[in-house]
Amino acid sequence: MTSNIPAVNNPGEAVGTREQHLISQVQRGQHELFYELVRPYERRVYAAALAILRNEADAEDAAQEAMLKAFANIRQFRAEARFSTWLIQITVNEALMRRRRERTVVMEGIDDRRDDEADYAPRDFADWREIPSEALERKEIRQRLAAALGTLDRKYREVFVLRDMEHLNIQETAEALGISVGSVKTRLLRARLMLRDLLAAGWEQGWFSRLPFEKGSKPW
Amino acid sequence: MVNCEQVWREVSNYLEGEVDPALRSAMDEHFRTCARCKSVMEGTRNVVALYGDERMLDVPSGFSRRLEKRLAQGGRVGRGWSTWSAWLVPVAALALIVGTLGLARSETLNHPLKSEHAQPGHDIPPDMLVVVTAGANLFHAAGCEFIHNKNTERTVTAKEAIREGYVPCLRCMRKYLHTVQARLLGVDSQMNEREVVEAEDFPGAGR
């Protein structure tokens, strides 16, 4: 079902106005519009749940449950917050709650006792040859990148996903995960440097060999 | 002046725009002279750009459809969905299941079907009087030529016969069978009409 959305000239403003309009319609009882409201964010919601739960089926269930909780609490949403951030935070809460119920958290918890402040030294210093964003058109590349992300310890992966993939700001990431801003920054640095090293190693293993780089030259 | 280790510690903040102007200038200067640190910074920026791309947010096949369906189901819970009302759905579902089971139990067999090949029948009037015999599997309309052991005939209601595990005679009770096979074969309409008459002609047939 579509809603009667007022036309706005500026596209960015249009998206925001359209969203605000949808929110108020759902809050007033037009529940059938809720899916239209959350549809632009379904990928982000799923990715947030997957970063925490690491299992597709669990992530999908958590994402759906989070959407239902958002629907149940839509009247509590206040316009001063970004709707996407509110939705992601509900999802993170749902996923964290589920993970706490899982025994695996005991195993992963050991990780968390490592020193967050320990410096991470980059391993590869060869000239960096940029991987073009067009590479993401290839599913194989996306899978490689996702696999690299999956090798990170939980605490690095979660911060990275929320900040760099979900585009929460540092403060929002800290609030969503219940950690300090300082921890977010430290973990983010480490996650980014580790991924850089993993992609560098991936180059050497030929992950991106079909990309259009100068013939015969190393990517960096 | 900053050294390489300091640059590595701050490269993430640098990309976030969260270093003060003096440090930013010092790092920019460092990148001009240190290829290694420049490689670290550019690689890290590339990582942020790649993973920040919408295309990295894959969802499983059918995700959207399943989500929409679940939201539609959740949405039906009602306006002002609250914790207590959310419980109404599973409670109502449970009540329905229990009720259905209870009803089914009352209508179904006290004994297992007497024949593995039997068809249980559908829409049989429970008070219709039928004939059963000892050692047989079927119940019949009175006068059915396929009644065996006629000397042991008992007249009972269809409901009682079903409870005892008897099943409808394939000939005289065909109208209540409605088997898939009968539908596929196209049961002769005249035959059906004749059998309906037979059943209805039976004294006390209840319809």
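Visitor: Let's start with two helices of chain A. At what angle do α5(A) and α9(A) pack, and how far apart are their axes?

Guide: In this predicted model, α5(A) and α9(A) pack at about 30°, and their axes are 9 Å apart. Angles under 35 degrees count as roughly parallel. The two helices, α5(A) and α9(A), are therefore roughly parallel to each other. The crossing of α5(A) past α9(A) is right-handed.

Visitor: Which residues make that contact?

Guide: From α5(A) come A:Thr85, A:Ile88, A:Gln89 and A:Val92, while α9(A) brings A:Glu172, A:Ala176 and A:Leu177. Here is the general idea for reading such a list: an α-helix has 3.6 residues a turn, so residues three or four places apart point the same way. By class, the contact of α5(A) with α9(A) holds 4 nonpolar, 2 polar and 1 charged residues.

Visitor: Which residues of α9(A) are buried?

Guide: In α9(A), residues 170–177, the buried ones are A:Glu172, A:Thr173, A:Ala174, A:Ala176 and A:Leu177. What the buried residues of α9(A) pack against is α5, α8 and α10 of chain A. Just after α9(A), look for A:Gly178, where phi is positive, at about 70°.

Visitor: Now for another pair. How do the axes of α4(A) and α5(A) cross?

Guide: Their axes come within 9 Å and cross at roughly 130°. That makes α4(A) oblique to α5(A). The crossing of α4(A) past α5(A) is right-handed. On the α4(A) side, the contact is made by A:Asp58, A:Ala62, A:Ala63, A:Glu65, A:Ala66, A:Lys69 and A:Ala70. On the α5(A) side, look for A:Leu87, A:Ile90, A:Thr91, A:Glu94, A:Ala95 and A:Arg98. The contact of α4(A) with α5(A) has 7 nonpolar, 1 polar and 5 charged residues.

Visitor: How should I read the confidence, and where in chain A is it lowest and highest?

Guide: The general idea is this: where pLDDT is low, the predicted coordinates should not be read in detail. Chain A has an average pLDDT of 82, and 81% of its residues score at least 70. Confidence in chain A is lowest in helix α6, residues 104–112, with a mean of 48, and highest in helix α8, residues 154–165, at 95. Over residues 108–113 of chain A the pLDDT stays under 50, and the model has 5 contacts beyond four places in sequence for them. Residues 214–220 of chain A are also below 50, and that stretch has 10 contacts in the model beyond near neighbours in sequence.

Visitor: Let's turn to chain B. How many of its residues are in contact with chain A?

Guide: There are 35 residues of chain B in contact with 43 residues of chain A. On the side of chain B that touches chain A, α1, α3 and α4 of chain B each supply at least two residues. The most comes from α3(B), with 13 residues. By class, this side of chain B has 16 nonpolar, 10 polar and 9 charged residues.

Visitor: Could we finish with one residue? Where is B:Leu15 found, and what does B:Leu15 contact beyond its neighbours in sequence?

Guide: You will find B:Leu15 in helix α1 of chain B. It counts as partly exposed because B:Leu15 has 19 C-beta neighbours inside 10 Å, and buried would take 20 or more. Leaving aside neighbours within four places in sequence, B:Leu15 is in contact with B:Thr44, B:Arg45 and B:Val48. From C-alpha to C-alpha, B:Leu15 and B:Val48 are 9.0 Å apart in space, and 33 residues apart in sequence.

How values were computed
Residues numbered from 1 in each chain as written. Chains lettered and ligands numbered in written order. Predicted model: local features only at pLDDT ≥ 70, side-chain atom pairs only at ≥ 80, totals over all residues. pLDDT = per-residue confidence, 0-100. Helix = DSSP H or I, 4+ residues; strand = E, 2+ residues; numbered from the N terminus. Contact = placed C-beta atoms within 7 Å. Buried ≥ 20, exposed ≤ 12 C-beta atoms within 10 Å, placed from the backbone. Nonpolar A, V, L, I, M, F, W, Y, C, P; charged D, E, K, R; others polar. Axes fitted to C-alpha atoms, helices over the stretch in contact; angles between N-to-C directions. Parallel < 35°, antiparallel > 145°, perpendicular 65-115°, else oblique. Left-handed = near helix turned anticlockwise from the far one by under 90°.
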